[in-house]
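Subject: The structure you asked for

Hi,

Here is the structure I promised to pass on.

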Amino acid sequence: NGEKMEIRKSTINDLDEMLNIFKIAKKFMIETGNPNQWTDNYPSVQMIENDINKQESYVCVENDEIVATFAYSTEGEETYNVIDGKWLNEDDYGVIHRVASSGKVKGIFKFIVDWVWEQNKNIKIDTHRDNKVMQNLILKNGFEYCGIIHLKNGDERLAYQKNGL
């Protein structure tokens, strides 16, 4: 890719494009054996708008086109307070959520992780047991498996951490 990809905070004007990317990502998840992670209404429009309003929503842009989106927060993640396993440390951390790509550009996840790593050397992420694609990407990008966390609705997720402190 000769063109330079950039990451910027999303705005409400990006919402339609972001929703389209989530639709593409959901289809990809179903096709790769992960139909249960992002069911019908996840992530909801309200959730994405909330991410935008909290300044925690980002888009990856290449040639003026949004090719991916993700949420990044340093506020802490309530569902990470209890883990069946052990985090690498209990220090403040950044968390990456809701990574979705249009599939047009390869290496998006690495690009996102590298960008977050510049802001924060202690990152946590979780994914669904069926999401083998994301598990491989997470491990390939320097995260270590730490254990299982539970979402508010009780669903379990595999939890990972990358630490350079």
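Some ground rules first: residues are numbered from 1 along each chain as its sequence is written, and side-chain values use heavy atoms, with hydrogens and water left out. This is a predicted model, where local features need pLDDT of at least 70, side-chain atom pairs count only at pLDDT 80 or more, and totals for chains, interfaces and linings use all residues.

**The sheet**

Helices (H or I, at least four residues) and strands (E, at least two) are DSSP runs, numbered from the N terminus. Two strands count as paired if DSSP finds at least two bridges between them. With that in mind, you can trace an open sheet of 8 strands, in the order 1-2-3-5-6-8-7-4, with mixed pairing. Strand 1 (6-9) and strand 4 sit at the edges, each pairing on one side only.

Walk across part of it with me. Strand 2 and strand 3 run antiparallel and are joined by 6 bridges; Y58 has F70 in strand 3 as its bridge partner. Helix 3 packs on this sheet, touching strands 1, 2, 3, 5, 6 and 8, and its direction makes about 40° with that of strand 3. (Contact, or touching, means heavy atoms within 4.5 Å; the axes are lines fitted to C-alpha atoms, for helices over the stretch in contact, and angles run from 0 to 180 degrees between N-to-C directions.) Strand 3 also pairs with strand 5, again in the antiparallel sense, over 5 bridges, and there Y72 stands opposite I96. Strand 5 and strand 6 run parallel, with 3 bridges between them, and V95 faces K124 in strand 6.

**The cores**

In soluble globular proteins, nonpolar side chains tend to be buried together. A nonpolar core here is a set of buried Ala, Val, Leu, Ile, Met, Phe, Trp, Tyr and Cys residues joined through side-chain atoms within 4.5 Å. The largest one has 26 residues, and C60, F70, I96, I108, I112 and V116 have the most contacts inside it. Among the elements that each supply at least two of its residues are strand 2 (57-62), strand 3 (65-73), strand 5 (94-101) and helix 4 (132-140). Helix 3 gives the largest share, 7 residues. Another core, of 13 residues, lies apart from it and includes L15, W38, V61 and I66.

What about the cysteines? C60 is buried at 0% relative accessibility, and C146 is buried too, at 7%. The structure holds 0 disulfides (a disulfide being a pair of cysteine sulfur atoms within 2.5 Å).

**A few polar residues**

S57 is in strand 2 and is buried at 2% relative accessibility. Its side chain makes a polar contact of 2.5 Å with that of S10. (A polar contact is a pair of N or O atoms within 3.5 Å; within protein, one must be able to donate a hydrogen and the other to accept it, and residues adjacent in sequence count only if both atoms are side-chain atoms.) S57 also touches T69. T69 lies in strand 3 and is buried at 1%; a polar atom of its side chain lies 2.9 Å from the backbone oxygen of Y58.

Now go to the loop between strand 4 and strand 5, where you'll find Y93, buried at 10% relative accessibility. A polar atom of its side chain lies 2.8 Å from the backbone nitrogen of E77. Y93 and N122 are 29 residues apart along the chain, but their C-alpha atoms are separated by 4.9 Å. Y93 also touches T74, which lies in the loop between strand 3 and strand 4 (84-85). T74 is partly exposed, with a relative accessible area of 49%.

Cheers

How values were computed. Buried means under 20% relative accessible area, exposed over 50%, partly exposed in between (1.4 Å probe, protein chains only). Lists of a residue's contacts leave out its neighbours within four places in sequence.
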